[in-house]
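Visitor: I am new to this structure. Please show me how to read its features.

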Amino acid sequence: MAKRAVKNLVIVESPAKAKTIGKYLGKDYEVKACMGHLRDLPKSVIGVDVDDDFTPNYRPIKGKEDIIRDLKQSAEKSTTVYLATDPDREGEAISWHLQHLLELPDEKTRRVTFNEITRKVVTESIAAPRSIDQDLVDAQQARRILDRIVGYQLSPLLWKKIRRGLSAGRVQSAAMHLVADREKEIRDFVPQEYWTLDALLKNDAGLPFQTHYYGKNGKKYEPASQEEVQAIQRELEQVPFAVKSVKRADKQRSPSPPFTTSTLQQEASRKLNMTPRRTMAIAQQLYEGVDITGEGAVGLITYMRTDSLRISEEAQQEARQLIDSRYGAAYRPETFRQYKAKAGAQDAHEAIRPSNVALTPEMVKGDLTGEQYRLYRLIWSRFLASQMSNAVYDSVNVEVMAADHAFRASASSLKFAGYTAVYEESRDEEKEEREPALPELHEGEVVELEKFQSQQHFTQPPARFTDATLIRTMEENGIGRPSTYAPTVSTILDREYVVKEGKYLRMTPLGEVVNDLMCQRFQSIVDVKFTARMEDQLDEVEEGKMPWKDLLRQFYGPFRENLTQVEKDMEGVYLKVPDEVSEEVCDICGRNMVVKSGRFGRFLACPGYPECTFTKPLVIQMPGRCPKCEGRLMKRTGISKKSGKQYTYYCCDRLSSADESARCDFMTWDVPVKDDCPVCGKTMFKKSGRGFKKPFCINAECSNFLPEEKRGYPKKPASGEETAEKSTTKKPAAKKPAAKKSAAKKATTKKSAAKKTVEE
């Protein structure tokens, strides 16, 4: 029987998306994946003829010949080819490259985009195709060529003057400059002393409450020394305290808007401990489609690269219906909630939301991986909460007077949960302790002073950036766009310009040297305002207001002139990267060890090389205390002798002590946390791995102890069981299923690798 001719070919970027869309379109459509870019600038050379008005030299990507051949054959047999790559600049450029690479005539080519991959949206989009938007393509070409020029002409200078393998980029250099500036702020910070004064009082009924010193004569005043605090206390020792005012009010708190790309990356970093790159990879999987029992492949969220806060009326209506049925009408505001996007937002797509809000996280949990479930639950909860009523708090503010001095106290309690029944946004800083409830107080009531409590404080320097706060600062300053936040943070970490200590980003000596060179010689590249203006100009290209080659001409002339001058000025100059000296001491010669980089990452080495060749894994101090000797806990890495792979473990800092009597043998794979066990007071631990893990106590003598077999690790068979199992697997017939499993595993690995290529 002859194979039925396919009338329409739909080309998407990934196999997962192809599977989902193919289910919706039926037999008249063949859906194939191009696996991302098939044509690009060559890797080995700059690939742009700057002397010929920035003509790009696009070439088919090596290793993708089979995909190109297959798509060409399918396109030739089809009457219409729908290019359905991602709905952003890069997706538009991929479609444009596909049209040229497959030699598709305009009358045969259609461009379609899917903000969400659902049956309704897919069929509607296929029914209303458009032509390729050349302005979007040109904006992407301009960005690509700008980054290629900076990377390929500036990076070789860093190789010559600092070390090989370094890179400079238009956006990454500006982001690194933000981190360097924060480090300088921390170094230059001068702590200022201040004191707090609390008065512990009792009301008529003898119930205690605590008030905080506010000031004198109606003006706020903060004591700067112990002498000032003592002077206030002496002045008030014999003075009566009386309640001046008691103000009660209902305070309303509004929900946070639904996610954009940057807020999703920030919240996933805070709540799920996911890196921005990992967050976007998992979000891509949820967008492209996941196999749901009884449904098949389903796209669970809308497109995840967006800076818009817009929500469709249909999605809002569905959310209101779910709120009514699940929580009640009181949890739904009378009118739709609308959120205004920040100035300069492209607003090309909706905010990130579930494609079908009725598909709750609990309903799909069994079909998702742990990471997929947690991220989907985060997106679903945030969206639903954004459409719910305000939370209402019963707030009480009390002012107590003693002569001319004022003391204040406040408390609040939740009166109506509203959106908090579903979701509350987390914060970058530690949560403040909630003040205890206040007893019944009345205006004019005389209260009794029990005692004063004073405490010395010092102002703190600004905190180092985390993934979340750096992305937020980049967005606030207009550095990059939704698609570039995650790659930028990953790049400065991969280059070791910045390292992570816990959740905080710290500049390395290498990063300091590179940043100093960039600041001194290429101020415009690291200038935050310049980078933001460049992003605005790329937006103008996208809107058709500016020719893309005009933007390149404006940038390249001054850049090339500056680069030439710097090369002349720095002829014969070589910048040395200072050693990063640690507190760890060499076990052989006693010198302070320094941090070095190798094929398996950073490690500690003796600075006395080649006389002393001692090295050991890099140690990072962890929170908590050793459960055996109360010493410091350290994070260490090692290299497996069998596989050569790197592994991480946690141990007491006295594990390798030269003094045998002081040595402590505590070592674990579990991660120490800052929390102490509420029963025994010893440090708690959690299972290693990504995402939230519930802490547990490892003290066997504690009633709160959690045995190892209950901590979520795979159960290890006993040595006897292992031997018995091996002795029973001698039948030849048992090899066939194993071979099939191996082949299936190879196929899965190949598919995963292909998918990873697309995501990256």
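This is a predicted model: local features need pLDDT of at least 70, side-chain atom pairs count only at pLDDT 80 or more; totals for chains, interfaces and linings use all residues.

Visitor: How are two packed helices described?

Guide: Two packed helices are described by the angle between their axes and the distance between the axes. Take helix α8, residues 261–272, and helix α9, residues 276–288. Their axes come within 9 Å. They cross at roughly 115°. That makes α8 roughly perpendicular to α9, because angles of 65 to 115 degrees count as such.

Visitor: Is the crossing of α8 and α9 left-handed or right-handed?

Guide: α8 passes α9 in a right-handed crossing.

Visitor: Which residues make the contact?

Guide: From α8, they are T261, L264, Q265 and A268. From α9, they are P276, T279, M280 and A283.

Visitor: How do the residues of this contact divide into nonpolar, polar and charged?

Guide: Five are nonpolar and three are polar. None is charged.

Visitor: Now the sheet. In what order do its four strands stand?

Guide: The order is β20-β21-β22-β23. The sheet is open, and its pairing is antiparallel.

Visitor: Which strands stand at the edges?

Guide: β20 (580–585) and β23 (615–617) do. Each has a single partner strand, so one side of each is left without a neighbour in the sheet.

Visitor: By how much are neighbouring strands of this sheet turned against each other?

Guide: By 45° on average, with direction ignored.

Visitor: How many bridges join β21 and β22?

Guide: Five bridges, in the antiparallel sense. β21 covers residues 592–598, and β22 covers residues 601–605. To find your place, look for K596: it stands opposite F603 in β22.

Conventions: Residues are numbered from 1 along each chain as its sequence is written. Side-chain values use heavy atoms; hydrogens and water are left out. Axes are lines fitted to C-alpha atoms, for helices over the stretch in contact, and angles run from 0 to 180 degrees between N-to-C directions. Helices (H or I, at least four residues) and strands (E, at least two) are DSSP runs, numbered from the N terminus. Angles under 35 degrees count as roughly parallel, over 145 as roughly antiparallel, 65 to 115 as roughly perpendicular and the rest as oblique. A crossing is left-handed if the near helix is turned anticlockwise from the far one by less than a right angle, and right-handed if clockwise. Contact means heavy atoms within 4.5 Å. Ala, Val, Leu, Ile, Met, Phe, Trp, Tyr, Cys and Pro count as nonpolar, Asp, Glu, Lys and Arg as charged, and the others, Gly among them, as polar. Two strands pair if DSSP finds at least two bridges between them.
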